[in-house]
Amino acid sequence: MIVRIRLSKGPQFRNRSGKNRALAQMLAALMTPAALMAYVLAFWRLGADMRLAGQFAIEDGFFSHWQVWLPMAVGLSMAASALNRYGRDGILRIPGVRSRA
């Protein structure tokens, strides 16, 4: 005996761009202050190395170098900018990278 179950067709799947715009803008809003904090830590460590600022809070380890904080800050800034653009337009464009179109 063969039993067939017939299901009705549901709504068609639509592939639309910009599905998570609100989430992208929320993440960008959180990344911007994080990037600012990373810039502050990078320049504080650089000033501490040149003896222009007080002692840096992180004495030793991976995060005790300004060379770690500065690229992290630049990366966070670029990611926040890309997410802001995606949240506004629905198209992901990375700043500084040209598209082929």
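Modeller: Happy to! A salt bridge here is a side-chain nitrogen of Lys or Arg within 4 Å of a carboxyl oxygen of Asp or Glu. By that rule the count comes to one salt bridge. Before we zoom in, please keep in mind that this is a predicted model, in which local features need pLDDT of at least 70 and side-chain atom pairs count only at pLDDT 80 or more, while totals for chains, interfaces and linings use all residues. Residues are numbered from 1 along each chain as its sequence is written, and side-chain values use heavy atoms, with hydrogens and water left out.

The bridge joins the side chains of Asp49 and Arg45, at 3.1 Å from N to O. Helices are DSSP runs of H or I with at least four residues, numbered from the N terminus. Both partners lie in helix α1, four residues apart, which is about one turn of the helix; α1 itself covers residues 21-49. For exposure, buried means under 20% relative accessible area, exposed over 50% and partly exposed in between, with a 1.4 Å probe and protein chains only. Arg45 has 18% relative accessibility, so it counts as buried, whereas Asp49, at 41%, counts as partly exposed.

What does Arg45 touch, leaving aside its neighbours within four places in sequence? With contact meaning heavy atoms within 4.5 Å, the list is Phe56, Ile58, Ser64, His65 and Trp66.

A pair of aromatic rings is described by the distance of the centres and the angle of the planes. Here, rings of Phe, Tyr and Trp (its six-membered ring) pair if their centres lie within 6.5 Å; planes under 30 degrees apart count as stacked, over 60 as edge-to-face and the rest as tilted. The structure holds three aromatic pairs. In one of them, the ring centres of Trp44 and Phe56 are 5.0 Å apart and the planes stand at 70°, so this pair is edge-to-face. Trp44 belongs to helix α1 and Phe56 to the loop between α1 and α2 (66-89), so the pair ties together parts that are 12 residues apart in sequence. Trp44 is partly exposed, with a relative accessible area of 29%. Another edge-to-face pair is formed by Phe62 and Phe63, with 5.2 Å from centre to centre and 80° between the planes. Phe62 counts as exposed, at 57% relative accessibility, while Phe63 is partly exposed, at 39%. Together with Trp69, Phe62 and Phe63 form one aromatic cluster.

Not counting residues up to four places away in sequence, Trp69 touches Ala38, Leu41, Ala42, Phe56, Ile58 and Phe63. In soluble globular proteins, nonpolar side chains tend to be buried together. A nonpolar core, as used here, is a set of buried Ala, Val, Leu, Ile, Met, Phe, Trp, Tyr and Cys residues joined through side-chain atoms within 4.5 Å. The largest such core has six residues in all: Ala38, Ala42, Ala48, Phe56, Trp69 and Ala73. Helices α1 and α2 each supply at least two residues of this core, and α1 gives the most, with three residues.

Met72 counts as partly exposed, at 32% relative accessibility. Further along helix α2 sits Leu83. Leu83 and Met31 are 52 residues apart in sequence and 9.5 Å apart in space, C-alpha to C-alpha. Once neighbours within four places in sequence are set aside, Leu83 is in contact with Ala24, Leu27, Ala28 and Met31.

One last stop is the loop between α1 and α2, where Arg51 lies. Most residues other than glycine have a negative phi, and most peptide bonds are trans. Arg51 has a positive phi of about 60° although it is not a glycine. In contrast to the buried Arg45, Arg51 is exposed, with a relative accessible area of 78%.
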